[in-house]
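This briefing sets out the computed features of the structure shown below, grouped by topic.

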Amino acid sequence: MSSATDVMDETAARRGIDPRTIFRDRPIIPLIALLLGLVAVVELLQPGIVSERWISNIIRFAIPLAILAAAQTLTMLTGGIDLSVGIVATMTAFVMATQTPHLGTGLAIVVALGVAALAGLGSGIGVGIFRVHPLIMTLAVGLVVEGLLLVYQRLMLGTRSEIPELITWLGADRSFGIIPNSLLVFVPLAVVIWFLLKRTGFGRLLYAIGDNEGATRLAGVRYWQVIISLYILSAVLAGIGGLLYVGLIKASSLSLAVPLVLPSVAAAVIGGTSIFGGRGGYGGTIVGALVLQVLATLLLVLQVPEGTRRIVFGLIILGVTAAYTRITEER
Amino acid sequence: MSATTPATADLGKGSPGEIAGRFVRRNSWTLALWGLLGLMLVFTLTIQPGWGAPQLTILAIAALPYAFAAAAQTMAVLVGGIDLSVAAMMTLTSVCAAVLMQGQSEEFGIIAVGLILLMGLGLGAINGLSIVLTRVPDIVVTLAFFFIWEGAALLVLDAPGGSSAVWLRDLIIGPVGGFILPAELGAWIPKALLLLAVSLGVVWIPLRRSRLGLSIYAVGSDRLAAFRSGVPVDRTKVAAYALTGLFAAMGGLVLTMNTGIGTPIQGPYLLASVAAVVLGGVSLAGGKGGLVGPIVAVFILRLARQDLTLMSIDPNVAQVVEGLIMVAVVLVGAVVALRSRRS
């Protein structure tokens, strides 16, 4: 392993530059270059497609993904992962839609997000107190939530479900013809997450736990409190993502946001957050979500079959992370 | 916790009592699992006094793909990784098998099985090579291959189709019967169970006694120490992932044998394989555990599902209960692991 690093040092020295510094310190710069490159390819393949409206469409669809990926970023910073985001987002949307006729829009949203928080509490207790591996715990919680959702759906068969106007306005509509209204939710949310990570003790603790959990504990941090709050936050974020997504899709189903789980992990990984914890941030993740969204449109433009689309998607995840790992690797 | 790898445990000397004591200590988790399985059988018999050989056969057939998925995941976890593409590899090999055998003679089935098993080894080796060459974490690489194999399966077959040789289908249906054993005993041994034992045993038993098997445990428990002791870390990792692919291909074949067709949609085998590995006493940190535990765990989880059906519980509620059982299992497992780490 050390020999490989030496070789890399040599090649870097021969070129006279050290691109690793840029990648390590500002991973967002090459990522934005990749994003622009992909947009250029789309434009080359179908001249005239890239317009204000196209861009706003990309953003509209990337926002729910970016919010789910926020949940992924935060948990990954501690060395965890949250694979229950898809089903929690779906559940939040479904509960909101079925409760709106009974409780009214506002209360239905609060109740739905409250249920999401409960799911997060479950994962948090498992990871924080019982020390179950987050991958397992969130998968298992996802399974329970999915089952409960099916039971709930059977109970609600007779009642009408409705997606309130506020949600479709936020999720799908645009102001002035081009600006997606979901930015009204997303921008404050992104600022809060950024502030949380960079300027609060809680955020720094997430990095600290991911970097060296043992040392963090010895420093007197109450690990379980941080982890439980983290997974509740993660589930609530997933819920918000689900609400915006159902507003965008305008149909609440039992598998609404489930296909977004792996892309959400991919967005965070491509965005430069280490899956082992301790390194990363939300800025990269947002660009990562945009990259994935542009990539999805690119494949749609090329009219490749669904199978090939998934293969390319997988290869891109592998390629980007491989390049990233190779360049930033310190060991 | 003792650092002895299970592979070396067999070499210990001592009086029969000591050996037995050591056996119990080293296999306490697996023994507890057998106990749990026994308790569940007793419970099954109390809620359904008529439970017998036919139900056992149904259980074995239902458990078969889960068991192979768990075996596949075990190999990846033992070497210190995890394979999120297990279910996708099963799907891909299953549709390939169904397409290969469509419209072909019964004899061609043998060649098809051989080809699919080789293909499994190849798929797994590609996973392993990618992990070793890119140095990207296992979980990310296999996440990427989750998409890739799934996409490949869709390209091979975009809707359920293909077919399976009849003798392959017969291989798992029904009990062994009075073939070699007395008929009463034979009725209690499902063909599916025999197939599982033989396919896993043929790979696992020689592996456990080989240098490669020892290397897998060594790399899984401490990569750096293994490297410094001269274990070819990268080659071992690729081999372990190739074996994951091999078991996944067996699982894929079983899917085709069971349904008679190939379906390009992934079953719930990924989560189930991880749950079985955890319940089976294989440490997710790698290098600890064996193959018997996860297989027993699969049967516990499948029997739990069968019991819920026997109690005529709504399938949706049954899924909640199944999920809660898994949560309970991993919580208890984690507490036990925590205890043993502290002591």
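In this predicted model, helix α6(B) contains 27 residues and extends 38 Å between its first and last C-alpha, close to the 39 Å expected at 1.5 Å a residue. The residue B:R135 follows α6(B) and has a positive phi, near 60 degrees.

**The end of α6(B)**

- B:R135 sits in the loop between α6 and α7 of chain B.
- The phi of B:R135, near 60 degrees, is a positive value in a residue other than glycine.
- B:R135 counts as partly exposed because 16 other C-beta atoms lie within 10 Å, a count that falls between the limit of 12 or fewer for exposed residues and that of 20 or more for buried ones.

**Chain B overall**

- The secondary structure of chain B consists of 16 helices and 0 strands.
- For 343 residues, a compact globule would have a radius of gyration near 20 Å, and the value of 20 Å for chain B agrees with this.
- The C-alpha trace of chain B spans about 55 × 50 × 40 Å along its principal axes.
- Of the 343 residues in chain B, 50% count as buried.
- When contacts in chain B between residues at least 6 apart in sequence are considered, 77% of them join residues at least 24 apart.

**Contact between the chains**

- Chain B contributes 36 residues to the contact, and chain A contributes 39 residues.
- On the side of chain B that touches chain A, the elements giving two or more residues are α6 (108-134), α7 (138-156), α14 (269-279) and α16 (315-342) of chain B.
- Helix α7(B) supplies the largest share of that side, with 14 residues.
- By class, the side of chain B that touches chain A comprises 28 nonpolar, 6 polar and 2 charged residues.

**Chain A overall**

- Chain A has 15 helices and 2 strands.
- A compact globule of 331 residues would have a radius of gyration near 20 Å; the 21 Å of chain A agrees with that value.
- Along its principal axes, the C-alpha trace of chain A spans about 70 × 60 × 35 Å.
- Buried residues account for 50% of the 331 residues in chain A.
- Among contacts in chain A with a separation of 6 or more, 76% are between residues 24 or more positions apart.

**Helix packing in chain A**

- In helix α10 (residues 201-211) of chain A, the buried residues are A:L205, A:L206, A:A208, A:I209 and A:G210.
- These buried residues of α10(A) pack against α4 (52-77), α11 (213-218) and α12 (223-249) of chain A.
- A:V88 belongs to helix α5 (residues 85-103) of chain A, and this residue counts as buried because it has 35 C-beta neighbours inside 10 Å.
- Not counting residues up to four places away in sequence, A:V88 touches A:A116, A:A119, A:V145, A:A235, A:A238 and A:G239.
- The C-alpha atoms of A:V88 and A:V141 are separated by 9.3 Å, although the two residues are 53 residues apart along the chain.
- A:L121 is placed in helix α6 (residues 105-128) of chain A, and its 17 C-beta neighbours inside 10 Å make it partly exposed.
- Leaving aside neighbours within four places in sequence, A:L121 is in contact with A:I228 and A:I232.
- A separation of 9.5 Å is found between the C-alpha atoms of A:L121 and A:I227, which are 106 residues apart along the chain.

**A loop residue of chain A**

- A:Q303 is located in the loop between α14 (282-301) and α15 (306-328) of chain A.
- Although A:Q303 is not a glycine, its phi is positive, at about 55 degrees.
- A:Q303 counts as exposed because it has 8 C-beta neighbours inside 10 Å.

**Confidence**

- The model scores ipTM 0.81 and pTM 0.81.
- The average pLDDT of chain B is 87, and 93% of its residues score at least 70.
- Residues 1-10 of chain B have a pLDDT below 50, and this stretch has 13 contacts in the model beyond near neighbours in sequence.
- Where pLDDT is low, the predicted coordinates should not be read in detail.

Notes
Residues numbered from 1 in each chain as written. Chains lettered and ligands numbered in written order. Predicted model: local features only at pLDDT ≥ 70, side-chain atom pairs only at ≥ 80, totals over all residues. Helix = DSSP H or I, 4+ residues; strand = E, 2+ residues; numbered from the N terminus. Rg over C-alpha atoms; globule rule 2.2 N^0.38 Å. Contact = placed C-beta atoms within 7 Å. Nonpolar A, V, L, I, M, F, W, Y, C, P; charged D, E, K, R; others polar. pLDDT = per-residue confidence, 0-100. Expected span 1.5 Å × (residues − 1).
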